Amino acid sequence: MNPSQSFSADSPADPVAAATHADPYPYYAELRADPPLVWNETLRVWVASRADVIESLLLAHVALRVRPAAEPVPRAILGSPAGEVFGHLVRMNDGTAHQAHRPALQRALAGLDLDTVHSAALQVARCVTAPSMSDALFSMPIRAVAHLLGFADEALPQIDRWMRDFVACLSPLSSADQLQAASVAANELMARFDTLAAGTQPRHGSLLAAVLAESDASAPLTRSLLANLVGLLSQTCDATAGLLGNSLIAVMREPSLREAARTRVGLQAVVEETARHDPSVQNTRRFCVEPISIAGTTLAAGDAVLLVLAAANRDPAFNPDPDRFTLVRARRRMLGFGHGVHACPGQALACTLAAAGLEALLSRAPDFDAMRERGWSYRPSANARIPVFH
Ligand code: HEM
């Protein structure tokens, strides 16, 4: 552990607390040595940490769903504008609702030219004048995706603020005030996307134009598609901020990476190894709707499973010498972007955004010694690992 970090080196209390712990990886190794699925009575979930078991769970998408059957939208936001958006997101749905927009989003994202994305993201990142490094981690990727979607430069700071408010509705840790602000933001974002998509001609070559072109052209623009456009920004927000921040920590910790970080290829490698070694999305959940047997354990309808993706990335059966941070790996494997039908369609975009953001941050010549001295902690979260620099 980095001695400059200002938190305890004690083992995390449980696999959820591990996501924001200073160094959860020895604890994850202990979890992997346990049986493939272990019941955690405190969290009331089954815990999976080995890569092969997590892959099997993520492939069993008929029995294991992304939301509990009895609560498709969290009770705290049900009936609110934030709840409406949440209820439409492909990330939060299975079956027909998942199928409705997923292919269009997937094709539009796959069609992005990553060189163009990189130049645009770098330009946007260089213009970000966030109050702190920790804020810039969010603003750089959010504004870049808003730009790619087709928003005008002058709209980017406001979209950024609304998105930061909106994502509070995705976390079980948010207060009533935060959920209220998330609903205000949901209304505003839906209205802005409506104007952008329907009111005027979407900018040629934009990600928005691509999503619309890949969607059913004869159908009217639905609230559901609008919500999923908002979803592209919300999926970017915390996860890419964490990837960018954790990549910066990797460079700060290991001076030899600074040479590699002078080139775009090197920056990309730092980001991709960080996504494996210290991923921003540490865990995800599944909810059992019918009995299923996985790795010798039978899960019953109603059971919840916590899939510790970050532990799987360091499974030696998945990646040789997994604790080593190394820029060149014959076959880098990771589950931090999911797997199976809900796998992230934004992986390549996210890594490009983080590489551009890292380049912009490093060009500001941060004082790494002073940063290490002051240390950092992680934002409160049940699943994301996003640093806050002190
Ligand atoms: C470092 C950044 C990112 C990480 C670590 C990440 C990770 C993930 C993970 C783990 C899932 C699947 C969750 C599950 O199955 O439980 C997911 C889904 C998704 N991600 Fe990402 N993501 C990132 C960035 C992005 C970006 C930039 C976009 C698009 C702009 C995006 C769009 C999506 C969408 C639409 C889904 C839902 C897919 C589906 O359910 O079919 N993500 N992401």
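Modeller: A residue counts as buried if 20 or more other C-beta atoms lie within 10 Å of its own. With that in hand we can read this model, which is a predicted one, beginning with a helix: α14 is mostly covered, since 13 of its 17 residues are buried.

Biologist: How many residues are buried in the protein as a whole?

Modeller: Of the 390 residues in the protein, 48% are buried. The protein contains 15 helices and nine strands, and its radius of gyration is 20 Å, close to the 21 Å that the globule rule gives for 390 residues, so the protein is as compact as a globular protein of that length. Taken along the principal axes, the box that its C-alpha atoms fill is roughly 55 × 55 × 40 Å.

Biologist: Among contacts between residues at least 6 apart in sequence, what percentage join residues at least 24 apart?

Modeller: In this protein, 69% of those contacts join residues at least 24 apart in sequence.

Biologist: Returning to α14, what distance does the helix reach from its first C-alpha to its last, and what is expected?

Modeller: A helix can be compared with the span expected at 1.5 Å a residue, and here α14, with 17 residues, reaches 24 Å, close to the expected 24 Å. Just after this helix, alanine 365 takes a positive phi of about 50°.

Biologist: I would like to turn to the sheet; how should I read the pairing of strands, and what order do the five strands of the open sheet have?

Modeller: Strands of a sheet pair through backbone hydrogen bonds, either parallel or antiparallel. In this model the open sheet of five strands runs in the order β1-β2-β7-β4-β3, with mixed pairing. Its edge strands are β1 and β3, each of which pairs on one side only.

Biologist: Is strand β4 enclosed or exposed, and why?

Modeller: Four of the five residues of β4 (residues 284-288) are buried, so this strand is largely enclosed by the rest of the structure. Four bridges join β4 to β7 (residues 304-307), the two running antiparallel, and within that pair phenylalanine 287 stands opposite alanine 304. Two bridges join β4 to β3 (residues 64-65), again antiparallel, with leucine 64 opposite cysteine 288.

Biologist: Finally, how many residues surround the ligand, and which are the closest?

Modeller: The ligand is surrounded by 26 residues, of which the closest are Ala239, Gly338, His342, Cys344 and Gly346.

Biologist: Which element gives the most to the shell, and how do its residues divide into nonpolar, polar and charged?

Modeller: The most comes from α10, with seven residues. The residues of the shell divide into 14 nonpolar, 10 polar and two charged.

Notes:
Residues numbered from 1 in each chain as written. Predicted model: local features only at pLDDT ≥ 70, side-chain atom pairs only at ≥ 80, totals over all residues. Rg over C-alpha atoms; globule rule 2.2 N^0.38 Å. Buried ≥ 20, exposed ≤ 12 C-beta atoms within 10 Å, placed from the backbone. Contact = placed C-beta atoms within 7 Å. Near = placed C-beta within 6 Å. Nonpolar A, V, L, I, M, F, W, Y, C, P; charged D, E, K, R; others polar. Pairing = 2+ DSSP bridges. Expected span 1.5 Å × (residues − 1).
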